[in-house]
Amino acid sequence: MTEGCKCFPIFKAGQRCEAANYRPVSLTSQICKVFEAVVRGEIVKFLDKYKLIRDSQHGLRKGRSCVTNLLLFLDQILRCVDEGFCVDIIFLDLAKAFDKVPHKRLLEKLRKHGIGGKLLRNIGNWLSKRRQRVCVKGVKAAWEAVWSGVPQGSVLGPLLFLIYINDFEEEVATKVFKFADDTKLFS
């Protein structure tokens, strides 16, 4: 990252005195955000055209939301109960999911989704050798290397995360409803 980019801590949950309870959100230049928006738009068009993102995913998608996720989930549960079936549900919320995405594996999944060539190389370059630091009330921490994760606060990061977890339910024999990293499994 350039000297102009900073990472501001956003409190998530728990005790405020624990550094692990803060989420790093990267602040990037407007030019970078415009470039990311163009790239994101083209990738979304491609993924939508070939229906590559699974229907189980409701997060960060046009025409889908937390509400559509919950309504469809509730509908399925009520149908099962009305038919006299027992229902088992597992709720998953992956801890610090955006921060733990391995770059090499993400790039491989992008390739498997049909994203390659210069675009894949540019995304790889954008993810690699990232550095961030935290600035609080004018005090700046040392720059630290970022070895995994999709940049929070970026335009492209959430889409890359969705692609990364797109195959989550491939080996699961239950119904799955996802909203980004929040997942409900039921049988």
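The buried residues of helix α5 are G157, L159, L160, F161, L162, I163, Y164 and I165, where buried means under 20% relative accessible area, exposed over 50% and partly exposed in between, with a 1.4 Å probe and protein chains only. Helices (H or I, at least four residues) and strands (E, at least two) are DSSP runs numbered from the N terminus. This is a predicted model, in which local features need pLDDT of at least 70 and side-chain atom pairs count only at pLDDT 80 or more, while totals for chains, interfaces and linings use all residues. Residues are numbered from 1 along each chain as its sequence is written, and side-chain values use heavy atoms, with hydrogens and water left out.

Back to α5: eight of its nine residues are buried, so the helix is largely enclosed by the rest of the structure. Its buried residues pack against α1, α3, α4 and β8. One of these partners, α3 (residues 103-112), packs with α5 (residues 157-165) at an angle of about 80°, and the axes lie 9 Å apart. Axes here are lines fitted to C-alpha atoms, for helices over the stretch in contact, and angles run from 0 to 180 degrees between N-to-C directions. That makes α3 roughly perpendicular to α5; the label covers 65 to 115 degrees, with under 35 counting as roughly parallel, over 145 as roughly antiparallel and the rest as oblique. On the α3 side R105, L106, K109 and L110 meet L160, I163 and Y164 of α5, contact meaning heavy atoms within 4.5 Å. Sorted by class, this contact has five nonpolar, no polar and two charged residues. Ala, Val, Leu, Ile, Met, Phe, Trp, Tyr, Cys and Pro count as nonpolar, Asp, Glu, Lys and Arg as charged, and the others, Gly among them, as polar.

Several of these names come back in the largest nonpolar core, which has 22 residues; I43, L106, L110, L156, L160 and I163 have the most contacts inside it. Such a core is a set of buried Ala, Val, Leu, Ile, Met, Phe, Trp, Tyr and Cys residues joined through side-chain atoms within 4.5 Å. α1 (30-49), α3, α4 (117-127) and α5 each supply at least two residues of this core, and α5 gives the most, with six. Leaving aside neighbours within four places in sequence, L156 is in contact with E36, V39, R40, I43, I123 and W126. Apart from this core lies another, of five residues, among them F73, I77, C80 and F177.

Then there is the sheet. Three strands form an open sheet in the order β3-β9-β8, with antiparallel pairing; two strands pair if DSSP finds at least two bridges between them. β3 (89-93) and β8 (175-179) are the edge strands, each pairing on one side only. Neighbouring strands are turned by 15° against each other on average, direction ignored. Helix α2 (residues 66-82) packs on the sheet and touches β3, β8 and β9, its direction making about 160° with that of β8.

β3 pairs with β9 (residues 182-186) over five bridges, with I90 opposite L185 and L92 partnered by T183. Five bridges also join β8 to β9, and F177 has K184 as its bridge partner in β9. β8 and β9 form a hairpin with two residues between them, and A180 in the turn has a positive phi of about 55°. β9 is mostly covered, with four of its five residues buried.
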